[in-house]
Amino acid sequence: MSKKDKNIEVAIEEITKNGNQVQQVLIGKNVVGEIENQENKYTAILTDGEEFNVHSFDEGIEVVLQQYHLHQG
């Protein structure tokens, strides 16, 4: 038997961190990562501190979600 698909709520909130605008990626109420934009360079930062340089905001969200699902128990 196949499993039923679960709907997962993903939200993006904009916060100020160290004087920079940062977008937090949340699943439910849990922060799973952040996307920073400095001088048209994007960095995806996971909750464990691992950083990925990405080309766009959308790619940053994709990386954060991929890493979350990869390392999720």
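In the helix α1, the residues Gly60, Ile61, Val63, Val64 and Gln67 are buried. Seen down the axis of α1, these buried residues fall within an arc of 160 degrees, so they line one face of the helix. On the other side of α1, by contrast, Asp58 and Leu70 are exposed. The model described here is a predicted one.

Although His69 and Val32 are separated by 37 residues in sequence, their C-alpha atoms are 9.9 Å apart in space.

The five strands form an open sheet in the order β1-β2-β3-β4-β5, and their pairing is antiparallel. Strands β1 and β5 stand at the edges and have a single partner strand each, so one side of each is left without a neighbour in the sheet. On average, and with direction ignored, neighbouring strands of this sheet are turned by 25 degrees against each other. Between β1 and β2, which run antiparallel, there are eight bridges, and Thr16 stands opposite Gln21, a residue of β2. Helix α1 packs on this sheet, where it touches β1, β2, β3, β4 and β5, and the direction of α1 makes about 150 degrees with that of β3.

The count of salt bridges in the model comes to one. In this salt bridge the side chains of Lys17 and Glu34 meet, with a distance of 3.0 Å from N to O. The pair links distant parts of the chain, since Lys17 belongs to strand β1 and Glu34 to strand β3, and the two residues are 17 residues apart. The two partners fall into separate classes of accessibility: Lys17, at 34% relative accessibility, counts as partly exposed, whereas Glu34 has a relative accessibility of 9% and therefore counts as buried, a class that requires a value under 20%.

Conventions:
Residues are numbered from 1 along each chain as its sequence is written. This is a predicted model: local features need pLDDT of at least 70, side-chain atom pairs count only at pLDDT 80 or more; totals for chains, interfaces and linings use all residues. Side-chain values use heavy atoms; hydrogens and water are left out. Buried means under 20% relative accessible area, exposed over 50%, partly exposed in between (1.4 Å probe, protein chains only). Helices (H or I, at least four residues) and strands (E, at least two) are DSSP runs, numbered from the N terminus. The arc is that of the directions from the helix axis to the C-beta atoms. Two strands pair if DSSP finds at least two bridges between them. Axes are lines fitted to C-alpha atoms, for helices over the stretch in contact, and angles run from 0 to 180 degrees between N-to-C directions. Contact means heavy atoms within 4.5 Å. A salt bridge is a side-chain nitrogen of Lys or Arg within 4 Å of a carboxyl oxygen of Asp or Glu.
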